[in-house]
Structure formats: structure tokens, C-alpha cells
Amino acid sequence: MARDFLDIKKGLPVIGVGLGLRREIADETFNHANEIDWLEFVPENYMRLGGMAKERLETALGQFPLVSHGVNLSIGSTDELSDQYLSELKQVLDRANAPWWSDHLCFTSIGGAYMHDLLPLPFTKEAVRHIADRIKRVQDYIERPFLIENISFYMNMPGAEMTDAQFMTEILETADCGLLLDVNNVYVNSVNHNFDACDYLNQIPLDRTVQMHVAGHKRIGEYVIDTHGAPLIEPVYELLNYVLERTTVHGVLLERDQNFPAFDELVAELKMIRAVAQKTQPGLASPTHRAASRTLEPKRPAAANSLPAKGGRDLRALSA
Ligand SMILES: [Fe+2]
């Protein structure tokens with residue numbers, strides 16, 4: 001992309017407060033379309049798939065703006081980038097007409113084997129150069145703005161030459177990409193690695209934030225495990241507000257991947273997130289497309305002839 005990312009950010013739509021598209025709650029999600037501004041989907045779950053998965057994506061596309069959040073780009077790996085993966089990802093993103101797409105600052109593969117886990121990287125200059133180069137290559141190939149997400153991690157890789165915040169900053173600025181800022185991950189890391197979450201946020205280029213994640217976690221003794229299986233806690237709402245006071249954000253997503261409550265509880269959490277956003281960014285709390293879509297009947301799924309036929313993988317919807 002020839003244009004600076006911060007210029008690109010100005011042209012991106014403000015899509016509001018959304019929810020992850022998950023198979024277990026898909027029907028209720030579609031039935032509550034008026035209370036959810038947009039959906040985030042895991043593209044690996046829709047590559048080369050037909051049947052129910054394809055139908056689910058098409059139904060979502062008929063009712064919501066969609067944004068893609070991948071898990072298998074493995075941007076930090078020393079494995080070659082997969083042409084096949086990128087080709088299939090691009091097809092899904094084109095079908096979803098996603099305004100941006102994201103994956104994690106981590107590696108998920110080594111020696112061609114996928115780990116199904118988001119593994120931390122060494123905070124080194126060599127890793128910055130390697131990852132920034134790969135981000136530029138995938139941005140150019142996909143031709144849509146790319147956001148990298150900060151992960152939660154439970155061990156530090158050896159050989160660090162800089163801090164976590166410096167590493168994230170170097171990656172964002174060298175690659176000239178956007179940030180998907182997960183403030184639950186910041187909170188989890190701040191507890192497990194004993195640092196001040198606001199100090200971390202003050203050190204990274206918050207103006208590159210396009211999207212945010214908020215989620216719940218599980219506390220076990222002195223440690224916190226990022227589960228996406230519990231309600232948000234007050235410190236995470238406070239970190240959301242801290243960021244929204246400092247930079248314009250185009251979408252906030254509630255991540256809930258397990259231990260699903262009654263759907264009304266998720267709707268109530270979306271309202272609480274909107275109430276936080278309303279204080280500083282009313283356009284985010286009440287995006288323009290939402291008011292328009294409320295007057296529409298849910299659309300029937302469009303004729304789905306753009307996605308490749310059935311026969312591929314069905315990865316579990318893990319996300320950070
Ligand atoms: Fe996340």
C-alpha cells in the first residue's frame with residue numbers, strides 16, 4: 001500500500017460495537033441483528049467450505065458488516081507464507097467485503113506444522129525486520145488494510161532486545177499497518193508479567209488503533225488466563241475508556257468463545273460497551289449504518305456462488 005496507514009484509517013468506516021460470529025450462538029445472533037452492529041468472523045472456518053458454514057456466512061453477510069480476524073497467518077513464523085492460504089483468505093475477504101482484516105502478532109506454525117495456539121515472539125530487531133517485511137507483503141497481496149493484534153502470552157521468549165511495547169511499536173511503524181488493540185490481553189499480560197497496563201498503552205502508537213477487542217478471562221491464584229469465557233470486568237472497561245479518550249476507534253468487538261451465557265447477557269454487555277463509547281465517541285456507540293439497518297427486514301442469504309466448494313478444513317474458532 002503506497003498511502004500511509006494513518007491516511008487510510010481516516011477513510012475506514014465506523015462500524016460500531018460488534019460480536020464474534022460463532023456457530024454455537026449464530027441463530028441467536030441473527031435473531032438479535034438490531035442489537036449488534038457488526039460481526040467478526042474467523043476466515044479459516046469458511047475457506048473451501050460449503051453447507052452450513054457457507055450458509056452461515058451468507059446469512060451474516062445479508063444482515064451485518066463483516067470483518068475478518070484470522071488465526072493461521074503465522075506472521076512471525078520462519079515458515080514461508082502460504083500462497084494457498086493467502087489466496088483462499090483473499091477469496092473469503094472479497095466475498096465478505098471486509099473493510100479491513102486482522103491476525104495476531106505471534107507464530108502459529110513451525111516446520112509446516114500448525115500449533116493451533118498463538119505463540120509469543122522474541123522481542124528482537126531481527127524479528128521486527130522479518131515480520132514487518134511479511135506484513136507489507138500480505139497487505140500488498142490482499143489489498144485491504146491490515147491490523148495486527150497484541151496477544152496474551154504466558155512466557156517470554158529468550159533473547160529480548162526491547163520491551164513488549166517497543167516491539168509492538170517497531171512492528172507497527174516499520175510495517176506501516178494498523179493495530180487491533182485487545183485491552184483484555186493488555187490487562188491479562190499486565191497481571192501475569194507485572195506491569196502497569198496504562199504505561200503499556202502510553203508507549204504504543206494508539207493512533208494506529210482501528211479496532212479493539214474486549215473480553216473476559218479467568219483468574220487462577222496470582223495469574224490470569226485469557227479464556228473469552230466470562231463477562232468483562234471493570235478494569236477492562238476502564239482500559240477501553242482509556243483508549244477511546246485518546247484515539248478514534250472504528251469498531252469494538254466483544255469476544256466470547258466459550259461458556260456462553262443466555263444471549264440477553266451478551267446483549268447487555270454490548271450495551272455497557274456502547275455506554276462507555278458514548279462518553280467519548282458517540283459515532284462509535286451509534287454508527288450510521290445501524291440506524292438504517294434497523295428499518296430493514298433481515299435479508300435472505302444471497303446466492304452463494306463466490307465461495308469455493310466444500311472439501312476443506314474446519315478449524316475450531318480459536319481467537320485471541
Ligand atoms: Fe482478541
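Predicted model: local features only at pLDDT ≥ 70, side-chain atom pairs only at ≥ 80, totals over all residues.
**Helix 4, buried side.** Next I looked up which residues of helix 4 are buried. They are Glu88, Leu89, Val92, Leu93, Arg95 and Ala96. Their arc around the axis is only 160°, so they sit on the same side of helix 4. I then checked what these buried residues pack against. My list has helix 3 (51-63), strand 3 (66-69), strand 4 (101-104) and helix 5 (125-142).

**Helix 4, length.** I tested the span of helix 4, which has 14 residues (83-96).

**After helix 4.** I moved on to the residue that follows helix 4, asparagine 97. Its phi is positive, near 50°.

**Histidine 69.** I went to strand 3, where histidine 69 has its place. Is histidine 69 buried or exposed? I noted 27 other C-beta atoms within 10 Å of histidine 69. The cut-off for buried is 20 or more, so histidine 69 counts as buried. I also looked up glycine 20, which is 49 residues from histidine 69 along the chain. Their C-alpha atoms are separated by 9.3 Å.

**Confidence.** Last, I looked at pLDDT. The mean for the protein chain is 88, and 90% of its residues reach 70 or more. Over residues 294-320 the pLDDT is below 50. In the model, that stretch has 54 contacts beyond near neighbours in sequence.

Terms used
Residues numbered from 1 in each chain as written. pLDDT = per-residue confidence, 0-100. Contact = placed C-beta atoms within 7 Å. Helix = DSSP H or I, 4+ residues; strand = E, 2+ residues; numbered from the N terminus. Expected span 1.5 Å × (residues − 1). Buried ≥ 20, exposed ≤ 12 C-beta atoms within 10 Å, placed from the backbone. Arc of directions from axis to C-beta.
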